[in-house]
Amino acid sequence: MGKPKALVDKGKCLACGGCISVCPQDAIAMCSSKAIVSKENCIDCGICIQTCPVGAIGNEVH
Ligand code: SF4
Ligand code: SF4
């Protein structure tokens, strides 16, 4: 089992870009107006999870 990584709920994401600007790893990109987390770059710091105004980001264990 790998470490948990941030995962965006595409149904909730409003494409505000807040998570992208706070991610220290530049692990989040916008794709078709939804934020997408790169599992390779994410270090699971949790900053984006706390930043998202609509609670669209959670953890998923890979
Ligand atoms: S948990 Fe941290 S490293 Fe991972 S996507 Fe969110 S802000 Fe970036
Ligand atoms: S902070 Fe939340 S609503 Fe804004 S782009 Fe990121 S996942 Fe989407």
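Cys-48 is buried, because its relative accessibility is 8% (buried means under 20% relative accessible area, exposed over 50%, partly exposed in between, with a 1.4 Å probe and protein chains only). The structure is a predicted model, in which local features need pLDDT of at least 70, side-chain atom pairs count only at pLDDT 80 or more, and totals for chains, interfaces and linings use all residues. Residues are numbered from 1 along each chain as its sequence is written, chains are lettered from A and ligands numbered from 1 in the order in which they are written, and side-chain values use heavy atoms, with hydrogens and water left out.

**Fold and dimensions**

- The chain has 2 helices and 4 strands, taken as DSSP runs numbered from the N terminus (helices are H or I, at least four residues; strands are E, at least two).
- In sequence order these elements give the pattern β-α-β-β-α-β.
- The radius of gyration is 10 Å, close to the 11 Å from the globule rule for 62 residues, so the chain is as compact as a globular protein of that length (the radius is taken over C-alpha atoms, and the rule is 2.2 Å times the number of residues to the power 0.38).
- Along the principal axes, the C-alpha atoms fill a box of roughly 30 × 20 × 20 Å.
- Buried residues make up 29% of the 62 in the chain.

**Core**

- The largest nonpolar core has 14 residues, and Ile-28 and Ile-57 have the most contacts inside it (such a core is a set of buried Ala, Val, Leu, Ile, Met, Phe, Trp, Tyr and Cys residues joined through side-chain atoms within 4.5 Å).
- Two or more residues of this core come from each of β1 (4–8) and β3 (34–37).
- Leaving out residues up to four places away in sequence, Ile-57 touches Ala-6, Leu-7, Val-8, Cys-19, Cys-48, Ile-49 and Cys-52 (contact means heavy atoms within 4.5 Å).

**Ligand shells**

- Residues around ligand 1 include Ala-6, Ile-28, Cys-42, Cys-45 and Cys-48 (a residue is near a molecule if one of its heavy atoms lies within 4 Å of it).
- The shell of ligand 1 divides into 9 nonpolar, 2 polar and 1 charged (Ala, Val, Leu, Ile, Met, Phe, Trp, Tyr, Cys and Pro count as nonpolar, Asp, Glu, Lys and Arg as charged, and the others, Gly among them, as polar).
- Around ligand 2 are residues including Val-8, Cys-13, Cys-16, Cys-19, Cys-52 and Ile-57.
- The shell of ligand 2 divides into 11 nonpolar, 1 polar and no charged.

**Cysteines**

- Cys-42 is buried because its relative accessibility is 11%.
- The model has 0 disulfides, a disulfide being a pair of cysteine sulfur atoms within 2.5 Å.
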